[in-house]
Amino acid sequence: MADPAIAIVGAGPAGIRAAEALSRHGLSAILVDEAPKGGGQIYRQPPDSFQGPASSRYGFEARKASALHLTIKRLATAIDYRPSTLAWNVCNGRLDTLCAGRGESVVFDILVIATGAMDRMLPLPGWTLPGVYALGGAQIALKYQGCAIGQNTVFLGTGPLLYLVAYQYAKAGAKIEAVLDVNPAHAKRRALFALASSPRTLAKGIYYRASLGTHGIAVEEGVTPMGIAGTDEVRDVHYRRGSVDKSVRCDAVGLGFGLKSETQDGESTVSGVYLAGDGAGIGGADAAELWGERVGLSIAARCGRRHDASRIAKIDRRLARLARFRAGLERAFPLPLLGSTLPDDTILCRCESIRVGQVKDAIRAFDVVEMNRMKAISRVGMGRCQGRMCGHAAAELLAAETRQDLAAVGRLRGQPPIKPLPMPWPGTP
Amino acid sequence: MKPSPLAQHSTDEAAQPRMVRLIEAERARLTFSLDGAPATAREGDTILTAVLTARRYLAESAGGEDTRAGFCLMGACQECWVAVDGTRARACSTLVTAGMSVATGGHFTVG
């Protein structure tokens, strides 16, 4: 039997390790990645004109980042690696891609989706003002472009990334006005036991948190964000702590509430389609590398290659330990219920500037109980991001309005093209 | 902590660009065209970085109600599409090249 055609989407930690495991077993994959260089978001490589050492960019993770970059560099000549290539549709064993304005279809027997994570976002009044950035975006500005998102930055939201990005900004010399965490300190204390399952990672987190204090940066935990104020751009962040209303002056906000899968979906029920890494379920970069390798080994075994049982067992043990740590993080930094409490004039859909009140009206007028119906009526989720930014809050809102569980309202169906495709204008050569 | 490089900036906030170069700022310069006027970028800048280190907003929102300055910076939110040399490109994931022509107004019209 001929070896199957294998396609992998995403050259981050999971995709690269999957490709490597396959290559080790004599199987070549087509590796499609939207970025010009491999590494994913966490280990994103800067443009060539940046010469600084990996340690300045990836901190404690520099060794892992460099190892992954070396792997993709080696693989690039051994496999069919296609950087700067968008996979915009998948259908009946065919992946439709676009690279430098040229479309191509990749036929596959086995597909690995390793599309990674993005910020888990919640709307707030004023979150569309220039100067508000996703927290992960604030980090990318620094590690990919050497820039801070503003002169005076507030970091608002929750999750380990909140403290990491603030630490990285402080270290780079950016001025931070405040770090505001919606989750209280006691949530983190309660999660300590589970977090201790990965002591080194926990220690790093404590170090980042502590160094903010050393740098004199105000960290407030257990805040309720009220909104971001300003006319043409960010001017203040308003929040409540206990019964006290407070505000902090700034011109930039890094906003994020943890991470979510870019796929908007967790598991594959389609034969021959595998999911790996944060695109399948948030586990972090270390888990993504292991998960990618695990998927590669599974496919190799399926293709009749040697079944590497001891390596698989080892990966599964490590993944189980990382899952305990992840459960601890979810306890320490749970997603607050904000989507159902937003004022009616808050913009819910950033793409088309659709406000909470308009969506509520649509839900009531058409007795909407399900997400895709809501999308059809209100256009929320129909804009260019396809609900990547507002989908969760929209689901919360619909669940609250119709007194259903969050799971009962369903989820937005992604439609191809999953990202907008640029087309040349008529008349251009 | 070392002194903030921001301290060197003037206190006139309105005149300052949005993004602040902190690391490896002194890369080679290149010129491009921004809304018909000559502009300067550093080699390795995305369009978004080049624009926001020159001024405080990127482009009109898709519906034209307000201005935006990018959001996710990782190709997910689709808020930073601009017109580039006869087609469109996401400003956060497209590097500036010398002589490139970038237009940031009226996303749904040609021009």
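Tutor: Gladly; let us begin with a strand. Both faces of β11(A) are covered: A:N152, A:V154, A:L156 and A:T158 are buried on one side, and A:T153, A:F155 and A:G157 are buried on the other. This is a predicted model, in which local features need pLDDT of at least 70 and side-chain atom pairs count only at pLDDT 80 or more, while totals for chains, interfaces and linings use all residues. Residues are numbered from 1 along each chain as its sequence is written, and chains are lettered from A and ligands numbered from 1 in the order in which they are written.

Student: What makes β11 of chain A "mostly covered"?

Tutor: A residue is buried if 20 or more other C-beta atoms, placed from the backbone, lie within 10 Å of its own, exposed if 12 or fewer, and partly exposed in between. In strand β11 (residues 152-158) of chain A, seven of its seven residues are buried, so the label follows from that cut-off. The word "strand" has its own rule: helices (H or I, at least four residues) and strands (E, at least two) are DSSP runs, numbered from the N terminus.

Student: How do you know that β11(A) and β12 of chain A pair?

Tutor: Two strands pair if DSSP finds at least two bridges between them. β11(A) and strand β12 (residues 175-181) have six bridges, in the parallel sense, so they meet the rule. Within this pair, A:L156 stands opposite A:L180.

Student: Which strand of chain A pairs with β1(B), and in what sense?

Tutor: Strand β10 (residues 147-148) of chain A pairs with β1(B) in the antiparallel sense, over two bridges. One bridge partner is B:V20, which faces A:A148.

Student: How many residues make up the contact between the two chains?

Tutor: 51 residues of chain B are in contact with 52 residues of chain A; contact here asks for C-beta atoms, placed from the backbone, within 7 Å. On the chain B side, β1 (20-21), β5 (67-68) and β7 (87-90) each supply at least two residues, and β7(B) has the largest share with three. By class, that side has 22 nonpolar, 15 polar and 14 charged residues. Ala, Val, Leu, Ile, Met, Phe, Trp, Tyr, Cys and Pro count as nonpolar, Asp, Glu, Lys and Arg as charged, and the others, Gly among them, as polar.

Student: What makes a group of residues a nonpolar core, and which residues touch the most other members of the largest one?

Tutor: The members must be buried Ala, Val, Leu, Ile, Met, Phe, Trp, Tyr or Cys residues joined through C-beta atoms within 7 Å. The largest core has 105 residues, and those touching the most other members include A:A148, A:F155, A:A166 and A:L398. Helix α5 (residues 160-172) of chain A gives the most to this core, nine residues.

Student: Is B:Q78 buried or exposed?

Tutor: B:Q78 has 21 C-beta neighbours inside 10 Å, so it counts as buried. It sits in the loop between β5 and β6 (81-84) of chain B, and its phi is near 65°, a positive value in a residue other than glycine.

Student: What makes A:R379 partly exposed?

Tutor: A:R379 has 16 other C-beta atoms within 10 Å, so it is partly exposed. A:R379 also has a positive phi, about 75°, although it is not a glycine. Its place is the loop between α11 (371-378) and α12 of chain A.
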